[in-house]
Amino acid sequence: MLTTAIIAGLVLGGTYALVAMGLTLQYGIARIMNLAYGETMIAAAFAAFVLKNALGLNPMAGLLLVVPAGFAFGYAIYGVMMRPLVARAGDRSALEIDSILATFGLLFVIQGVLLVLFGSNYMSYSYLNIPVSILGANIAANRLLALGLALTIGLTLYGLLRYTRWGTAIRAVAVAPQSAVLVGIDVNRAARFAFALGGALAAAGGVVISMYQTFTATSGVTFTMKALIVVIMGGVGNLLGALSAGLILGMVETFVATYLEPGLTLAATYAIFLALLLWRPQGLFGKATR
Amino acid sequence: MLEVFDLSLRYGKHLALDGVATNIERGETVVILGANGAGKSSLLKAIAGLVKPDKGVQIKLDGNPIAGLPPHLIPSMGIALVPEGRGVFGDLTVEQNLLLGAYSSRARSGEEARRRHVYELFPKLAERRRQTVNTMSGGEQQMVAIARALMSKPDYLMLDEPSLGLAPVVVTELFETLGRVRETGVALLIVEQNVRISLSVADRGYLMEAGRIVGEGTAAALRRNSAVQRAFLGMA
């Protein structure tokens, strides 16, 4: 039972980490607190569902369609909805407040469209639902695939941001936008790109989740909240922080559900969050001076 | 040649620059002197595209107008600014700061040679290439800022109060380095409170007061100028 719990925790945590990385990019670099983030994920989950059931396309191939679509969606939303807010906002905190209000509206628009199209039932499809035995524990292959995808995408992104000039420029925009301009970085373009990349990660997260979980048109909010907790735990804009914090949260939730009481998972999540805010408000890996 | 004609700039109702005209030749070192609030920083910021001047103004680089360009395009024109307060990327390492210095397409060719040259100019930075910049001293951070600007392959390097907050011995070292930068043919446009040391490296200078240019001349002439002596050099 312990092995099963650990692996299940890693799978859940990997998904949280993947999802939170997108949010931390959007918030840390574009300075937009996207409350419609979870809805973007769920829309991607439905897209994978439709591709699988209507067109018989397996979710791995679906990923190749849905992730670019998520990028395009983020890019368009930034251009249409966020650009005017950025142009108007005098400073970053004004932009944060405006973007929270705007994306709160967007949340209901996306959710409404999903409800009209798919109703409010729980949906799922069957993909790679075959047990694999690891150290005596039986785990569905789709969950292992989900974990593998989360780690691959997350670490690739981290590598790009950490070790390339392009990635360093994106990080520079997050920490010092005034200085980024001085070396010739187009801050607006970087912000738009980061926001779109966040959209792509949300889409990837949505598809990955749909591989092993049921979902409904209204379950986006839960994911936004959990992603937000992971982002704050990991430190805003910190990808490795998001990765570690996501894994921790997934493990804790799984252990509480397995050994204590499934009804307490959300309570445990918020207990960790609260303790963290009191003890290290800058996040586990954040720096004190932000 | 970098030329500014009739540059006026307002912050709200405050007139920060009032019909300023200056020019600087390639390879020349020009210092802008003036009290706090005389508009020296505003002039550099306007050239860097960071503040929008009033309409009709002309800033020309080799005869081509560059006023009104977005600020991120200015480094690719060969104009780099080291702002007041340095503007380094404190969370990044020395190496990463220099990598970003060469961000603009202009800076990519010969990047490796320029990096070596910059590390020769600032041997301390070569020893500390993997150190995070905000753990370094003020003087070292100023060197990072200048090194990063040099990585953009500038023809014109603008420095806003480079000596601010540095110990006298560090200031001396800094200006010695600027002297060597000057020898490589980069034109320097320096705004400085420390008049004595900045005049020692400069070819020419302008004197600013309340947003206007009120005097100009060679460095030697400015040193003899009675207004400069009274205001900045502590002579009666």
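Reader: What should helix H5 of chain B span, at 1.5 Å a residue?
Author: H5(B) runs over residues 138–150, and its 13 residues should span 18 Å. The end C-alpha atoms are 18 Å apart, which agrees. The expected span is 1.5 Å times one less than the number of residues. Helices (H or I, at least four residues) and strands (E, at least two) are DSSP runs, numbered from the N terminus.

Reader: Where do these numbers come from?
Author: This is a predicted model, in which local features need pLDDT of at least 70, side-chain atom pairs count only at pLDDT 80 or more, and totals for chains, interfaces and linings use all residues; side-chain values use heavy atoms, without hydrogens and water. Residues are numbered from 1 along each chain as its sequence is written, while chains are lettered from A and ligands numbered from 1 in the order in which they are written.

Reader: Back to H5(B): how many of its residues are buried?
Author: 12 of the 13, so H5(B) is mostly covered. Buried means under 20% relative accessible area, exposed over 50%, and partly exposed in between (1.4 Å probe, protein chains only). Among the buried ones are Gly139(B), Met143(B) and Arg148(B).

Reader: What is Phe89(B) in contact with?
Author: Setting aside neighbours within four places in sequence, its contacts include Ala172(A), Val183(A), Leu100(B) and Arg148(B). Contact means heavy atoms within 4.5 Å.

Reader: And which residues touch the most other members of the largest nonpolar core?
Author: Leu25(A), Leu157(A), Ile185(A), Phe89(B) and Leu100(B), out of 92 residues in that core. H8(A) gives the most to this core, with 14 residues. A second, separate core has 35 residues, including Ala80(B) and Tyr119(B). A nonpolar core is a set of buried Ala, Val, Leu, Ile, Met, Phe, Trp, Tyr and Cys residues joined through side-chain atoms within 4.5 Å.

Reader: Which residue forms a salt bridge with Asp18(B)?
Author: Arg212(B), with the closest N and O atoms 2.9 Å apart. Arg212(B) is in strand E10 (212–218) and Asp18(B) in strand E2 (14–24) of chain B, so the pair ties together parts 194 residues apart in sequence. Arg212(B) is partly exposed at 46% relative accessible area, and Asp18(B) is partly exposed at 23%.

Reader: What separates Arg115(B) and Glu111(B) in helix H3 of chain B?
Author: About one helical turn, because they are 4 residues apart in that helix. Their side chains meet in a salt bridge of 2.8 Å, N to O. Arg115(B) and Glu111(B) are both buried. Salt bridges that share partners join Arg165(A), Glu111(B), Glu112(B) and Arg115(B) into one network.

Reader: Last one: in what sense do strands E1 and E2 of chain A pair?
Author: Antiparallel, over 4 bridges. Two strands pair if DSSP finds at least two bridges between them. They form a hairpin with 2 residues between them, and Leu135(A) in the turn has a positive phi of about 50°.

Technical notes
Salt bridge = Lys/Arg side-chain N within 4 Å of Asp/Glu carboxyl O.
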